[in-house]
Each structure stands twice: as C-alpha cells, then as structure tokens.
Amino acid sequence: MDSILSAEVGARGPTRRRKNEPYESVDALTDGARTPRGPFRPDVWLSTRRRHAVRLRVFYYRGIDVALTAIGALAWMCHPDPVTSWSELRLGHAAPYVIGSLFALWFVLGSDRYSFSSPRRPLFHALTVSLVAGLGLLIGLGTAAITDGSGVMSYIQWAGLTVTGLGALHLIWALAVARGRTNGALVPNVVLVGATSAAESLIVEAIRRRTVNIIGIFEDRRTRAPASICGVPVLGRVEDLREHRLTPYLDCIALTVPPDAGKRVREMENRLSILPNKVAIILQSAAPDAREIDQALDKLAYMPVALLDRPVSDDRRAFYKRLQDLILGTLALVALMPFLFVIGALVRLESPGPALFRQKRHGFNNETITVWKFRTMYHHQQDAGGVRQVVADDDRVTRLGRFLRSTSLDELPQLINVVIGNMSLVGPRPHAIQMQTGQMRSSDIVAEYAHRHRIKPGMTGWAAINGSRGPLHTAADVRRRIQLDIDYIERQSFWFDLWIMARTIPVLLGDRLAQR
C-alpha cells in the first residue's frame with residue numbers, strides 16, 4: 001500500500017502524493033495537523049459526483065451489448081448472401097435471430113448481471129453471463145427448428161459467436177469495475193458517527209477486507225473518545241460534518257451508535273438529516289458478531305454499480321439526465337458559440353477586465369465547483385465570494401451587465417459546466433458559498449438548505465420559472481427558494497426537465513425587470 005497515491009482535499013482539489021512522501025492527515029483538512037491518516041489510503045480521491053459518474057458507466061456497457069448483439073444478428077441474417085432491402089428478409093429466417101437476441105439480453109439483464117454488486121471474480125462473471133445468454137439463445141434455437149429447419153446450423157454458429165462475444169465484453173466490463181474497486185473510484189468512502197466498540201470491530205474487519213474506506217469518525221463526546229481508533233482519526237463533532245471538507249467525498253455516513261440508545265440515535269438522525277449525504281444505520285446490535293459485521297461491510301462495499309432492478313431507479317434517472325445534458329448542452333454550446341464570442345467581445349470593449357467571471361459555488365453533495373459567467377460588474381468591484389448580493393441600481397454593475405443579467409444571458413457560459421458534468425441544464429441554481437441574506441449566511445437560515453445539493457445545480461430550474469431567481473434579501477425568500485428546489489428534486493424526471501426548459505425563455509422574457 002506504500003506505493004499508492006494519496007491526495008489532499010483542499011481548495012484546489014485533490015493533489016497527488018509522491019511515492020515516498022508522508023501521507024497527509026485527514027485532520028489537515030480542518031486544523032492543519034500532520035499526523036498519520038490511518039490505514040485507509042484510496043488511490044483515487046473523487047468527489048461523490050465524479051464517483052457517481054463512474055457508477056453510471058454500466059448503462060454504457062449495456063448499450064454497447066445491445067448495439068453489438070443487434071448488429072451481429074443483422075449481419076448474420078444477411079450471410080452468406082447480402083440483403084439489399086428489408087423486403088428480402090424472410091420472417092421465418094429473421095425470427096430466430098430476433099427472438100434469440102431479445103431473450104439473451106433479457107436473461108442477462110433479469111439475472112442482475114449488470115449490477116456487478118457481488119465480489120465475484122471477473123472471469124467467473126463473464127462465464128455466468130455466457131451461460132445466462134446461452135439459455136436465452138436456446139429459445140431462438142427452438143424457433144429456428146420450427147420456422148426454418150435448414151437454418152438451424154447457421155443459427156447455432158451465430159449463437160456460439162454471440163455467447164463468446166457477450167462473455168468477452170463482460171470480462172472487459174468486470175475488469176473495469178474490479179479496477180475501479182481496487183483504485184478507489186468505486187470503493188465507498190464512509191465516515192462513522194460514534195466512537196464505539198462496534199465502530200472498532202467494523203474498522204478492524206474493514207482493514208482486513210480493504211473493500212470500504214472508513215476515513216474518519218465523528219463523536220460528540222470528544223472527552224470520552226480517543227484521538228483515533230485503529231488508525232482512523234476522530235475528526236470532530238457531528239455538527240462539524242455540516243461544512244467539513246470531506247463531505248463532498250462521502251458516499252455514506254454510518255451510525256455506529258448502539259441501537260438501544262434510542263433517544264441518541266433519533267437525535268443523530270435528525271441532526272444528520274440536513275446533510276445531502278446518505279445516512280445509514282448498519283448495525284442492529286450493541287455488540288455485533290462477526291456475521292453482522294460482514295453483512296454491514298457487504299452492504300457498504302458491494303452496493304450495485306447501478307440499480308437496474310427497479311422500474312425507475314435513482315441511477316437510471318441520473319443517467320438519462322446526464323445524457324440529456326450532454327446532448328442538448330453540446331448542441332446549444334456549438335450553436336451559440338458565435339453569439340458567445342460577440343457577447344464576450346462587447347464585455348471587453350465596455351470596461352477593462354476579462355470577459356468571463358469565475359466564482360466558487362456549491363454543487364452536488366456540497367462539492368465546491370467553479371461556475372462560469374459573463375462578467376457583468378466592473379472588474380475592480382467584483383465580489384468573488386458572493387457575500388454582497390446585487391441590489392437595485394447597484395453601482396458595481398455595468399450598463400451591458402444590467403442587460404445581460406436581466407435577460408440571463410450572462411449565464412450562457414455555464415453550458416461549459418453542463419458539458420463537463422458539474423452542472424445540469426435543469427436543477428437548483430448554484431449559490432455562492434459565502435452568500436449572505438441580511439447579516440446571516442443564507443445556508444444558516446433554513447435547516448434543510450443542504451438538501452438542494454442532493455442533485456446537480458442547473459442553469460434554470462423550478463424555482464427560476466416560479467419567480468424565485470436572483471438575490472435573496474429576506475429569510476422568507478430563502479425559505480421559498482429552498483422549498484421550490486426540494487419540490488423539484490422530489491419530482492425530477494426527463495419530461496419534467498424538458499417542460500421546465502420549454503418554459504424558461506418565455507418566463508425570462510416576461511420578467512425582464514427582475515432584480516439580478
């Protein structure tokens with residue numbers, strides 16, 4: 001493990017450690033201490049958003065399987081004589097290939113071969129996929145025997161190639177998943193709440209298995225808690241999780257408080273419910289045995305790469321949303337590129353300074369992202385922290401800037417954020433990290449503020465088309481926007497996003513006096 005890479009999660013993001021350089025402490029994320037971080041050293045430090053993107057690759061795997069199987073079936077149906085038109089394909093000849101392909105892919109999907117959720121070896125996974133696909137192809141063989149007896153041998157040859165091809169593809173997919181679990185891209189990052197004996201048992205077994213990165217412990221009773229347990233540091237109190245720099249890198253917050261401490265468990269759940277991270281009670285007894293420890297780690301370590309067993313899983317919905325962003329965002333960026341260059345040139349001509357303005361804002365799971373906009377203020381008066389919100393007749397805003405802000409044209413460079421994947425076309429608008437409403441930080445006004453970070457921020461959103469756009473000057477403004485954002489997250493779907501996009505331009509054109 002001495003040769004792996006480490007990273008410091010700081011303002012500039014993860015940075016690689018040289019091979020013989022000492023490891024940074026996780027405590028350095030909060031107080032600059034330089035003590036050994038402990039036994040968990042992931043090769044790859046990725047934010048939850050980027051790790052989630054790795055998990056969603058399974059949908060591409062399935063798409064490639066379907067495409068290559070369909071192409072192979074079509075090509076074989078035309079063998080040995082090429083078919084120049086669809087009318088030349090006889091139903092009796094084509095039916096076995098169509099039915100065989102559909103059942104083979106259906107059996108592979110139905111047997112959960114795309115979840116990659118168990119610790120089986122890649123070769124074993126590939127062999128089971130070949131076996132399951134072969135069972136589906138047998139149905140096509142029966143169809144061939146009934147409809148086109150002369151083509152049975154040809155079908156068997158194609159079925160053999162298909163089984164081999166699917167097995168080879170899934171060997172590649174399984175190796176990619178195994179590599180992701182090995183280098184940390186698919187190994188869950190977990191923190192424990194509760195410096196208990198159960199937490200110690202969990203850490204000891206996790207060290208042995210190396211399938212979960214338990215990277216820290218949080219405990220309110222710091223006077224009773226040790227500085228670390230088995231090398232895993234106690235990083236602070238539960239309250240510190242709210243703005244801890246580790247939060248964007250966490251897949252799960254696991255409670256290891258004894259279940260019989262009912263009042264304390266409920267209190268912890270209530271306090272942690274304001275975070276965008278998943279919270280789980282993984283141990284059901286105060287003194288868990290080896291079997292319960294194994295089950296708890298399996299639950300954390302071998303979560304499916306993507307959950308395909310439900311009609312509309314969160315992962316499937318996220319995949320369709322990403323596909324929508326990638327296709328529409330890229331088309332919009334290419335189509336608007338000349339227009340963007342014109343706006344950029346006008347910004348530069350009106351006042352000295354760069355055409356684009358960059359600002360740190362909160363993204364998915366409290367991740368800090370850099371958001372791009374056209375500069376609308378005089379360069380020397382810009383507020384990168386976003387502490388001072390824009391007011392009516394703000395003297396910091398240029399004349400062109402007022403027009404750009406009133407029409408939201410200043411937001412168009414965020415198409416770059418959409419294409420690279422840290423924003424979406426539709427979602428809660430990203431707020432500046434230090435944004436204040438009155439004398440308070442906006443995030444301190446509503447307990448559920450962080451819930452808006454359970455999805456990627458968007459260029460437009462449900463709040464924006466319902467009149468909540470621009471600065472938030474009162475606590476009531478903050479509460480209304482958060483409620484609209486949470487409503488959107490609960491209702492999000494492919495078609496709902498398209499409807500919001502369709503309404504965005506008419507709403508903006510009818511609301512040009514909005515203060516932004």
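The model is predicted. Its protein chain has a mean pLDDT of 76, and 75% of the residues reach 70 or more. A search of the whole structure gives 15 aromatic pairs.

**Confidence**

- Within the protein chain, helix α11 (residues 414-420) has the highest confidence, at a mean of 94.
- Strand β10 (residues 436-437) has the lowest, at a mean of 61.
- Residues 1-37 stay under 50 in pLDDT. The model still gives this stretch 73 contacts beyond four places in sequence.
- Residues 304-312 are also below 50. Here the model has 26 contacts beyond near neighbours in sequence.
- Where pLDDT is low, predicted coordinates should not be read in detail.

**Aromatic pair Phe59 and Phe319**

- A pair of aromatic rings is described by the distance of the centres and the angle of the planes.
- The ring centres of Phe59 and Phe319 are 4.6 Å apart. Their planes meet at 15°, and under 30 degrees counts as stacked, so this pair is stacked.
- Phe59 belongs to helix α2 (residues 57-77), and Phe319 to helix α9 (residues 314-350). The pair therefore ties together parts that are 260 residues apart in sequence.
- Phe59 counts as buried, at 5% relative accessibility.
- Phe319 is buried too, with a relative accessible area of 10%.
- Ring pairs join Phe59, Tyr60, Phe319 and Tyr320 into a cluster.

**Aromatic pair Trp462 and Phe496**

- The rings of Trp462 and Phe496 have centres 5.2 Å apart, with planes at 55°. That angle makes the pair tilted.
- Trp462 is in helix α12 (residues 462-465), and Phe496 is in helix α14 (residues 494-509). The pair thus ties together parts that are 34 residues apart in sequence.
- Both Trp462 and Phe496 are buried.
- Trp462 also has a charge over its ring: the charged end of Arg491 sits 4.9 Å from the ring centre.

**Helix α6**

- Helix α6 (residues 197-209) has 13 residues. From first C-alpha to last, α6 reaches 19 Å, close to the 18 Å expected at 1.5 Å a residue.
- The buried residues of α6 are Ala198, Ala199, Leu202, Ile203, Glu205, Ala206 and Arg209.
- Those buried residues pack against four strands named here: β1 (189-193), β2 (213-218), β3 (228-229) and β4 (232-236). They also pack against helix α8 (290-301).
- Arg210 follows α6 and has a positive phi, near 60°.

**Positive phi in loops**

- Cys230 is not a glycine, yet its phi is positive, about 55°.
- Cys230 is placed in the loop between β3 and β4. With a relative accessible area of 34%, Cys230 is partly exposed.
- Ser408 is not a glycine either, and has a positive phi of about 65°.
- Ser408 sits in the loop between α10 (399-407) and α11. Ser408 counts as buried, at 15% relative accessibility.

**Ser130**

- Ser130 lies in helix α4 (residues 122-147).
- Its relative accessibility is 17%; buried means under 20%, so Ser130 counts as buried.
- Ser130 is in contact with Val163 and Gly167, leaving aside neighbours within four places in sequence.

Note on methods:
Residues are numbered from 1 along each chain as its sequence is written. This is a predicted model: local features need pLDDT of at least 70, side-chain atom pairs count only at pLDDT 80 or more; totals for chains, interfaces and linings use all residues. Side-chain values use heavy atoms; hydrogens and water are left out. Rings of Phe, Tyr and Trp (its six-membered ring) pair if their centres lie within 6.5 Å; planes under 30 degrees apart count as stacked, over 60 as edge-to-face and the rest as tilted. Helices (H or I, at least four residues) and strands (E, at least two) are DSSP runs, numbered from the N terminus. Buried means under 20% relative accessible area, exposed over 50%, partly exposed in between (1.4 Å probe, protein chains only). A charge sits over a ring if NZ of Lys or CZ of Arg is within 6 Å of the ring centre and within 35 degrees of the ring normal. The expected span of a helix is 1.5 Å times one less than its number of residues. Contact means heavy atoms within 4.5 Å. pLDDT is the predictor's confidence in each residue, from 0 to 100.
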